[in-house]
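The stops below are given in the order in which to select them.

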Amino acid sequence: MSARTYADFTTQATFEVKKCDLFKLEEGPATQVVMTRDEGLQYYRTMQTMRRMELKADQLYKQKIIRGFCHLYDGQEACAVGIEASINLSDHLITAYRAHGYTLTRGGTVKEIMAELTGRRGGIAKGKGGSMHMYCKHFYGGNGIVGAQVPLGAGVALACKYQGNNELCVCLYGDGAANQGQIFETYNMAALWKLPVIFICENNRYGMGTSVERAAASTDYFKRGEFIPGLRQFVLSVDGMDILCVREATRFAADHCRSGKGPILMELQTYRYHGHSMSDPGVSYRTREEIQEVRSKSDPISLLKDRMLSNNMASVEELKEIDVEVRKEIEDAAQFATTDPEPPLEDLCNHIFSNNPPLDVRGTNPWSKLKSVS
């Protein structure tokens with residue numbers, strides 16, 4: 001950066017993004033979008049932080065420092081960052097168990113997330129939730145039961161409507177959950193009551209070891225609402241895992257909800273680089289060549305980086321500087337996550353209830369009792 005000043009860079013640029021497929025909509029999101037230099041740098045930093053955090057989680061899992069379930073989000077970063085760029089932190093968000101990225105965008109720190117993964121006291125759920133159960137303000141998890149977060153998200157949207165606060169709920173699920181009956185029941189209630197909820201199917205092409213073509217008679221997930229309007233974006237093209245596509249589609253969907261028109265359904269075609277979870281090598285039902293092709297042609301971070309460099313919105317040196325800072329943040333967080341103490345046994349039953357007086361909970365034998373404190 002010593003040879004160039006900030007004044008040398010383009011402060012904002014207009015980009016053409018791919019048109020969405022529409023269902024029961026007369027018009028869709030804008031195809032010409034503006035991104036400022038500051039926005040681009042923030043998007044880049046956040047996506048790189050997500051990527052590095054997940055790669056570090058992979059390493060700690062293989063070292064048996066992280067145990068249990070662990071579902072990584074690398075490859076899908078444009079979804080989380082693009083969605084958050086178009087809604088407010090006062091809006092609400094709920095997702096399934098691939099939740100690390102959204103915990104970060106909702107206000108959690110890398111240190112808190114990594115410590116939660118290793119089950120430490122400084123974790124965002126005090127070391128008692130692990131990979132699948134993380135929470136922060138206006139973020140309701142990380143939910144382990146497939147599809148169960150969808151009716152919960154509709155309940156949050158019902159609260160938004162009841163309170164009349166102009167807030168909405170983003171309710172995320174995967175292609176593997178899209179065939180769950182409770183999702184269709186939720187569509188019905190949301191449409192009847194015109195709830196301000198954006199249903200988003202993050203279609204990463206594979207459920208738990210099964211391609212979408214083998215699992216669903218119709219893979220047009222954005223049309224599954226039947227009586228709910230929908231839109232779909234493709235991310236496996238050059239316009240592929242494109243944060244600006246996701247941002248504009250979410251902005252369009254948020255305006256739809258806030259205007260009182262009720263729910264809307266989005267399908268984001270994305271791709272996960274790891275297996276379904278850390279117990280899945282991810283190459284028995286797809287080829288290494290397929291994964292490498294997506295990485296080389298449609299990586300969301302590379303697409304944003306190339307876009308910024310080709311439009312003189314950043315320098316290679318500046319982006320490398322961000323990379324170095326992110327790596328240090330991740331390493332510091334990993335150090336904390338491996339040295340912070342585990343929660344003590346007496347904390348085991350705490351925070352079961354809200355605003356309740358302390359009560360005794362029977363422990364591992366009839367003579368021991370643990371105190372539960374809200």
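Start with the largest pocket, which has a volume of about 380 Å³. Keep in mind throughout that the model is predicted. Select Ala96, Tyr97, Arg98, Gly174 and His276: among the 24 residues that line the pocket, these lie nearest its centre. Sorted by class, the lining consists of 11 polar, 10 nonpolar and 3 charged residues.

From Arg98, move to Gln76, which touches Arg98. Gln76 sits in the loop that runs between helix H1 (37-62) and helix H2 (77-84). Is Gln76 buried or exposed? Its relative accessible area is 1%, and because the cut-off for buried is under 20%, Gln76 counts as buried. Show its side chain together with that of Asn204: a polar contact of 2.9 Å joins the two. Leaving aside residues up to four places away in sequence, Gln76 also touches Glu202, Thr270, Tyr271 and Arg272, among others.

Next, select helix H2 (77-84). How many of the residues of H2 are buried? The count is 8 of 8, so the helix is mostly covered. The buried residues of H2 are Glu77, Ala78, Cys79, Ala80, Val81, Gly82, Ile83 and Glu84.

Now turn to the backbone. Most residues other than glycine have a negative phi. Select Lys24, in the loop between strand S2 (21-23) and strand S3 (32-36). Lys24 is not a glycine, yet has a positive phi of about 55 degrees. With a relative accessible area of 56%, Lys24 is exposed.

Lys194 is the next selection, in the loop between helix H6 (181-193) and strand S6 (197-203). Lys194 has a positive phi of about 50 degrees, and is not a glycine either. At a relative accessible area of 45%, Lys194 is partly exposed.

Colour the chain by domain. The domain assignment gives domain 1 (15-343) and domain 2 (345-373). How far apart do the C-alpha centres of domain 1 and domain 2 lie? The separation is 35 Å.

For the last stop, select Ser354, in the loop between helix H11 (316-339) and strand S9 (359-362). Ser354 counts as exposed because its relative accessibility is 57%, against a cut-off of over 50%. Finish by drawing a distance from the C-alpha atom of Ser354 back to that of Lys24: the two are 330 residues apart along the chain and separated by 42 Å.

Definitions and conventions: Residues are numbered from 1 along each chain as its sequence is written. This is a predicted model: local features need pLDDT of at least 70, side-chain atom pairs count only at pLDDT 80 or more; totals for chains, interfaces and linings use all residues. Side-chain values use heavy atoms; hydrogens and water are left out. On a 1 Å grid over the protein atoms alone, a cavity is a set of points where a 1.4 Å probe fits but cannot get out, and a pocket is an open set with protein on both sides within 12 Å along at least five of seven lines; lining residues have an atom within 4 Å of a point. Grid points are joined across faces, edges and corners, and a volume is the space filled by probe spheres set on the points. Ala, Val, Leu, Ile, Met, Phe, Trp, Tyr, Cys and Pro count as nonpolar, Asp, Glu, Lys and Arg as charged, and the others, Gly among them, as polar. Helices (H or I, at least four residues) and strands (E, at least two) are DSSP runs, numbered from the N terminus. Buried means under 20% relative accessible area, exposed over 50%, partly exposed in between (1.4 Å probe, protein chains only). A polar contact is a pair of N or O atoms within 3.5 Å; within protein, one must be able to donate a hydrogen and the other to accept it, and residues adjacent in sequence count only if both atoms are side-chain atoms. Contact means heavy atoms within 4.5 Å. Domain bounds come from an automatic or database domain assignment.
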